[in-house]
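Hi there,

Here is the model I promised to pass on to you.

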Amino acid sequence: MKLQILLTLCFLGFTKLQIEASVCEAEVNAAVRLVNGDNPYEGRVQVYHDGTWQTVCDDGWGIEEATVVCMQLGYSTATAAPGSAYYGEGTGTILLDDLVCNGYESSLLNCPHRGINSHNCDLDEAASVKCSSNRMSEGSVRLADGDTETEGRVEVFIQGHWYSVCDDFWSNSDAKVVCNQLGFLHAIAEATYRASFGSGEGNIAMDNVNCQGDESRLFSCSHNGFFEHNCLPSEHAGVICGCDQVRLVGGRDANEGRVEVYYEGVWHTVCDDLWDIADAHVVCRELGYKGAIEAYSRAHFGQGIGGILLDDLQCSGTESSLFNCSHRGIGIENCGHVEDAGVTCSPERILTRMVDGPTFKEGRIELRHGDCWSTVCDDGWDVTDAEVACRSLDDDWFTSAADASCCASYGEGAENIILDNVECSGIETSLLSCDHNGLYNHNCGHGEDAGAVCGNDGDVRLVDGTVLNEGRVEVYYNSTWHTICDDSFGINDAHVVCRQLGYQEAVDSDVDFGAGSGEILLDDLACTGREASLLSCDHSGVGIHNCGHVEDVGIRCSTSRFSNGAARLADGPFVGAGRVEIFFANAWHTVCDDGWDTGDANVLCKQLGYSRAISAPGSAKYGQGTGGIILDDIECSSSDATLFDCSHDGLFVENCSHREDAGAFCI
């Protein structure tokens, strides 16, 4: 009886003459069910094939495979993928083994596997799933059988089942509505035709769809009427929702080319006036690459056509896109295409980034899934979750999180929200490994985007000033912010704080900004001014003091800041020697000693105003730095003016630890 009902659903909308046993058999063979669970959204997985329900083996079974099952059944996502016959041993035949799904397939049969009924399993290895209890709503859409969540065959959810859309009159306006309904609000929507993502197994629900492009859902567009069509399985419509608003054109490889930016439906070039490595870094990170290797000018990758969108860009390096950098204004330029900007990015990819903060240590948390950067909702977001996010950034540069921010404090993201109700234990290496509602299962808006402030011992901040360059000095240590006692505190001590924050010097070392709270960390400081942080200065000992908070130090820094690419020698025993550090994105970073030699150190020394280098020690001779390692495998020539001009692997592209921090001795 159940099979008869399934057959009836299979042919929903078909006339009697349209029913063909082979089509129906394909539909029924893809059917899936869950058995032995306490709820309808959990249980052992069974797939219908050749007239019987068959078991799936748990070899290679994971959350992606479970997601395919849950979506096929109309649940929003999978929350767990238990194996080992969690809901009891299977029965009958084992149909599938060694499944490798990406999570976007329309059924398990569309995932790579060993072959039908080819396995090395017993029935006590039966695969199971736990789905979110949230059902897809009537009229929901999905993209099926693509390589990522941003592309695939368009399917609509009607009365508990997924159905395809015919490509008659299918257009980019229709595709835009689909992308918007899926949460890709700023996507570059592209319509595809002729079952470019395969033929769906079910009926076609909509034909002659005609959207204006501003509808909130596909059901709001005009069409022939549900299941009224004259289409073949080869006419299924598809969509590509392109999230990246920037692309590289004319390069030999995908990671290089002329920079083009998408705006109001058209691709435009970028002018090379003031174009530098920081601007290139923003482009590369937006595209999911780890960093920029080189910024090109003078149409290095050929001249573009059409409009020139941006000119006089001045990025700090932390921005999520070029639009967030300082520039002359949209479309305001004095350039020709002979000045089109280009980049070469490192081929290495990143999956987590922190953007739109004032430094590279803080910002909005975003995860790259498929080809899109998606944000995290702040429901339940706390410092433990933020700590996992910080540790997952760029080679474990940060040891902890100093703060977890809510409410889009670093601005609102542009694309989808990937995680909600994140609950980490603190040992995870990625937010995706923490407990959460399931991918894209949320009840949030971008006004709830989560952020973080990442920290290392010795980080410093200014608190309770009226402007950014003044305030009470607080130092981060052992996951807590502490104040500093003013005993013996002078201008050299203040210089260390100001320079650590990116200001060129201190102008006042004795300003009252009120009493702090908590512990007092340092007393009797005696800095030379060359130290990278107050912890490197002489002092009475961490936590050793005879002070009250009425003696908390306050300072005022100059308003002049270091620019990207500025260099310094830190923690050396005398002037002219120390650990090499480069200023970028409002923070100091070290240089790896791989390939580091006196030729490279000569460039650094001349950049700092010295005549030459005496030596180029490695192995952290002047102590280990903290935070990022910005350059590796440097090869400088005598004509290079700065270390950024030298050949290198790309910004922050390295295989080093701070035990390999490079140093220099200049005269």
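**The cores**

The largest nonpolar core has 74 residues, and those that touch the most other members are Val259, Trp275, Leu322, Leu431, Val591, Trp596 and Leu643. Helix α5 (residues 277–286) gives this core its largest share, 6 residues. Do keep in mind that this is a predicted model. Apart from this core lies another one of 29 residues, including Tyr163, Cys179, Leu218 and Ala237. As a general point, nonpolar side chains in soluble globular proteins tend to be buried together.

Leaving out residues up to four places away in sequence, Leu322 touches Val259, Val261, Val270, Trp275, Asp279, Val282, Val283, Glu286, Leu310, Leu313, Cys315 and His327.

Which residues of helix α4 (residues 172–181) are buried? They are Asp174, Ala175, Val177, Val178 and Cys179. These buried residues pack against four strands: β7 (141–144), β8 (151–158), β10 (188–192) and β12 (238–242). After α4 comes Gly183, with a positive phi near 100°.

His161 belongs to strand β9 (residues 161–165). His161 has a relative accessibility of 22%, so it counts as partly exposed, since the cut-off for buried is under 20%. His161 and Gln72 are 89 residues apart in sequence, while their C-alpha atoms are 7.8 Å apart in space.

**Arg472**

Arg472 sits in strand β26 (residues 470–477), and it is buried, with a relative accessible area of 5%. What does its side chain meet there? The side chain of Arg472 makes a polar contact with the side chain of Asp464, at 3.0 Å. A polar atom of the Arg472 side chain also lies 3.5 Å from the backbone oxygen of Gly514. Beyond its neighbours within four places in sequence, Arg472 is in contact with a list of residues that includes Arg461, Leu462, Val463, Thr483, Phe513, Asp552 and Val553.

**Disulfides**

The structure holds 20 disulfides; here are some to look at.

- Cys243 and Cys372 form a disulfide with their sulfur atoms 1.7 Å apart. The torsion about the S-S bond is about 65°, so this disulfide is right-handed. Cys243 lies in the loop between β12 and β13 (246–250) and Cys372 in strand β21 (residues 372–376), so the pair ties together parts that are 129 residues apart in sequence. Both Cys243 and Cys372 are buried.
- Cys390 and Cys454 are also joined, with 2.0 Å between their sulfur atoms. This link is left-handed, with -90° about the S-S bond. The pair links distant parts of the chain, 64 residues apart: Cys390 is in helix α6 (residues 383–391) and Cys454 in strand β24 (residues 451–455). Cys390 is buried at a relative accessible area of 0%, and Cys454 counts as buried at 3%.
- Cys424 is joined to Cys434 by a disulfide, S to S 2.1 Å. The link is right-handed, with 100° about the S-S bond. Both cysteines lie in the loop between β23 (417–419) and β24, so the pair ties together parts that are 10 residues apart in sequence. Cys424 and Cys434 are buried.

Happy browsing, and do write back with any thoughts.

Best wishes

Key:
Residues numbered from 1 in each chain as written. Predicted model: local features only at pLDDT ≥ 70, side-chain atom pairs only at ≥ 80, totals over all residues. Heavy atoms only, no water. Helix = DSSP H or I, 4+ residues; strand = E, 2+ residues; numbered from the N terminus. Buried < 20%, exposed > 50% of the residue type's maximum accessible area, 1.4 Å probe, protein only. Polar contact = N/O pair within 3.5 Å; in protein donor to acceptor, adjacent residues only side chain to side chain. Contact = heavy atoms within 4.5 Å. Core = buried A, V, L, I, M, F, W, Y, C linked by side-chain atoms within 4.5 Å. Disulfide = S-S within 2.5 Å.
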